[in-house]
Amino acid sequence: MNTCIRSTFKCTFEVFKAKVMEDEPNWSRFVDEYQIAKVDDHNSIMLMNVLDFEAMEAFMTTDAMRAWDAEHGCKDTVYALSAID
């Protein structure tokens, strides 16, 4: 896993996760593994192995995604991860 996305949102976690899963066919082209965890009703953490960061950025910044984020008060903070051996 090389990426962590911390998301905060005004909707419930269930609504947020439903959107993530609805969009999975779009982002699974550049992600080969992922895990999503509920922190509480308005926060989640998603760990993923991103294969193409430019494709991920393009997906996350589409007009449709920005509109959904604005409507649901969703803010994502993306972190790059590296293993410590």
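Student: Which residues are exposed on the other side of helix 4?

Tutor: Asp63, Arg66, Ala70 and Glu71. Exposed means over 50% relative accessible area, buried means under 20%, and partly exposed is in between (1.4 Å probe, protein chains only). Helices here are DSSP runs of H or I with at least four residues, strands are E runs of at least two, and both are numbered from the N terminus. Before we go on, this is a predicted model: local features need pLDDT of at least 70, side-chain atom pairs count only at pLDDT 80 or more, and totals for chains, interfaces and linings use all residues. Residues are numbered from 1 along each chain as its sequence is written, and side-chain values use heavy atoms, with hydrogens and water left out.

Student: And which residues of helix 4 are buried?

Tutor: In helix 4 (residues 63-72), those are Met65, Trp68, Asp69 and His72. They share one side of the helix because they span an arc of only 100° around the axis, taken from the directions from the helix axis to the C-beta atoms.

Student: What do those buried residues pack against?

Tutor: Read packing through contacts, meaning heavy atoms within 4.5 Å. The buried residues of helix 4 pack against helix 1 (13-22), helix 3 (53-60) and strand 4 (75-80).

Student: How many bridges join strand 2 to strand 3?

Tutor: There are 8, and the two strands run antiparallel. A hairpin connects them through 2 residues. Tyrosine 34 has methionine 48 in strand 3 as its bridge partner. Strand 1 (residues 3-8) is joined to strand 3 by 6 bridges, again antiparallel, and threonine 8 stands opposite asparagine 43 in strand 3.

Student: What about the nonpolar core?

Tutor: In soluble globular proteins, nonpolar side chains tend to be buried together. A nonpolar core is a set of buried Ala, Val, Leu, Ile, Met, Phe, Trp, Tyr and Cys residues joined through side-chain atoms within 4.5 Å. The largest one has 18 residues, of which Phe16, Trp27, Phe30 and Met48 touch the most other members. Helix 1, strand 2 (31-40), strand 3 (43-50), helix 3 and helix 4 each give two or more residues to this core.

Student: How many aromatic pairs does the structure hold?

Tutor: It holds 4. Rings of Phe, Tyr and Trp (its six-membered ring) pair if their centres lie within 6.5 Å; planes under 30 degrees apart count as stacked, over 60 as edge-to-face and the rest as tilted. Phenylalanine 16 and tryptophan 68 make a tilted pair, 6.5 Å centre to centre with 50° between the planes. One lies in helix 1 and the other in helix 4, so the pair ties together parts 52 residues apart in sequence. The rings of tryptophan 27 and tyrosine 34 are edge-to-face, because their centres are 4.8 Å apart and their planes at 85°.

Technical notes
Two strands pair if DSSP finds at least two bridges between them.
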